[in-house]
Amino acid sequence: MRNAFGSWKPVLALCAAGVGLRLVFLALTTNLDLLRDEGHYVYLALSWNRFGFYPDGLRYLWPPGFPLFLAWCLSLFGAQGVVAAKLVQVLASASIGICTMALAERLFGARGALIAGVLWCVHLPLIGYTHTLWNETLFLAFFLPSLVLLASVLEGERRALDARIAGAAALLALALYVKDAPLYLLPVFVVMLVLARGGARPVEGVRRALLFVGVVAVLVLPWTLRNLEVYGRIVPMGSTLAENVFRGLNGTYRNFDLGPFQRKYFSEESPVGRSRPWFIETDGRPDWERAEGIANTPDRLAETTRRGLAYAALRPGWLIRSRIKKLADLVAPYSFFVRHAGLGEYEDTPLGGTAARRALLAWAVLVPVVILGCAIPGLVFALRRRRAADQLALFVIAYLGATSLLVSMSRFRIAMMPFLIVMAAGFLAGRAGSSETGRLHWGVVSVGWALLALLWWVNVPETSAILGIVWRGGV
């Protein structure tokens, strides 16, 4: 980026501003309660420290990276290990900011990179993940630099080519140790490396792909062998699909942004149950159950997945309607930060006062709404331009978006946000909506905006309920 900006100063200044803002939020929220997966991660970390092995879980085979990171923090700093882990997350977020700007600069130039940096700085849901204990921040801190290096290779940069490929593969493997979601992106990356040989012989593309796959395989192999030893089955990293299938391909609609409100308030005014029935109701038959009777965890998870797919295959109409609902949940303007505020998690902090809570609510909702709206012209422009880096970003956005078709919650949007920020920055910088674009381009953009508005409409009942709770400070 130095050639585009003339200096690293703007990048470093924006990065410092973003990290500084996150440090402020961390300082104001040091004693938050652990919610759901946060508690599970800490339990696994404590088990690792106390008993010397990783106990896995009954319904998930989580990759070991994030619990191991927490175990190190707790081992080094004792009871303050949780705060230390959050501080590391704040510092690691610098990787997210720099890489978001790097991708934006590659696609939309220096102005696009600066706008992307500002959007990353002020994206409050992203900030929220640095002072809580979900694994998204650490995952993105590895995943994004991997894609930056991969994009440079795909676009023909020859300087230290093999080092770039190996670095991209190593960072992707580290990301997989934190979150196994990108595992099935590997075939896409391999195909892109084979095809993007930069005019060299076809064998060169194959060589690059083999180098990439080889480095990933070597780094993932130790945990794969551990799973083989423990369970007698080859599980490359983790297995979270089955539980997500149980929750997402079943008759009962579940949304993890909304469920905690019902458990806290037990009130008809909570967002649970306010969903538009047409999008979630099935044929009224009972839910199917997990395959709890199978002792071997991978086998149990495989059977659970099979039951969910069979259930969905018999109800194609419900499947389509409910997937529309899942997409609506993906783009809904609330987030885990808003959920925390609605549950009173910030009540005993300086963020919990009425004026601060309402201002933060507006901030947390408006920034993602602006980014989602502005990203659509950027996405259409990237699709039309067909550069290698564009295609890489589009594949990643599409893949991460597809993962949300099982589980309803805004958390799935977080991994997509750096890429959507890049696309929004392209539009705001004037690169994705210039005079060169014609009526067809803007026609497709208009369709995209209409679909986004439709998905927002689908979730109006839940959105109004959750925003009302936060605004009032309770039901």
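## Helix α4 and its end

Helices here are DSSP runs of H or I with at least four residues, numbered from the N terminus. The model is predicted. Directly after helix α4, Gly78 adopts a positive phi of about 60 degrees.

Helix α4 covers residues 65-77; at 1.5 Å a residue its 13 residues should span 18 Å, and the end C-alpha atoms do lie 18 Å apart, so the two values agree.

The buried residues in α4 are Gly65, Phe66, Pro67, Phe69, Leu70, Ala71, Cys73 and Leu74. Among the elements covering them are α3 (37-51), α5 (81-122), α7 (136-154) and α8 (161-178).

## Packing of α5 with α7

Two packed helices are described by the angle between their axes and the distance between the axes. For α5 and α7, the angle is about 30 degrees and the axes are 8 Å apart. Because angles under 35 degrees count as roughly parallel, α5 is roughly parallel to α7. Their crossing is left-handed.

On the α5 side, the contact is formed by Gln89, Ala92, Ser93, Ser95, Ile96, Cys99, Thr100, Ala102, Leu103 and Arg106. Helix α7 contributes Thr137, Leu140, Ala141, Leu144, Pro145, Val148, Ala151 and Ser152. By class, the residues of this contact of α5 with α7 comprise eleven nonpolar, six polar and one charged.

## Packing of α2 with α5

Helix α2 (residues 9-28) also packs with α5, at an angle of about 145 degrees and with the axes 8 Å apart. The crossing of α2 and α5 is right-handed. The contact of α2 with α5 contains 19 nonpolar, three polar and two charged residues.

How values were computed. Residues are numbered from 1 along each chain as its sequence is written. This is a predicted model: local features need pLDDT of at least 70, side-chain atom pairs count only at pLDDT 80 or more; totals for chains, interfaces and linings use all residues. Side-chain values use heavy atoms; hydrogens and water are left out. Helices (H or I, at least four residues) and strands (E, at least two) are DSSP runs, numbered from the N terminus. The expected span of a helix is 1.5 Å times one less than its number of residues. Buried means under 20% relative accessible area, exposed over 50%, partly exposed in between (1.4 Å probe, protein chains only). Contact means heavy atoms within 4.5 Å. Axes are lines fitted to C-alpha atoms, for helices over the stretch in contact, and angles run from 0 to 180 degrees between N-to-C directions. Angles under 35 degrees count as roughly parallel, over 145 as roughly antiparallel, 65 to 115 as roughly perpendicular and the rest as oblique. A crossing is left-handed if the near helix is turned anticlockwise from the far one by less than a right angle, and right-handed if clockwise. Ala, Val, Leu, Ile, Met, Phe, Trp, Tyr, Cys and Pro count as nonpolar, Asp, Glu, Lys and Arg as charged, and the others, Gly among them, as polar.
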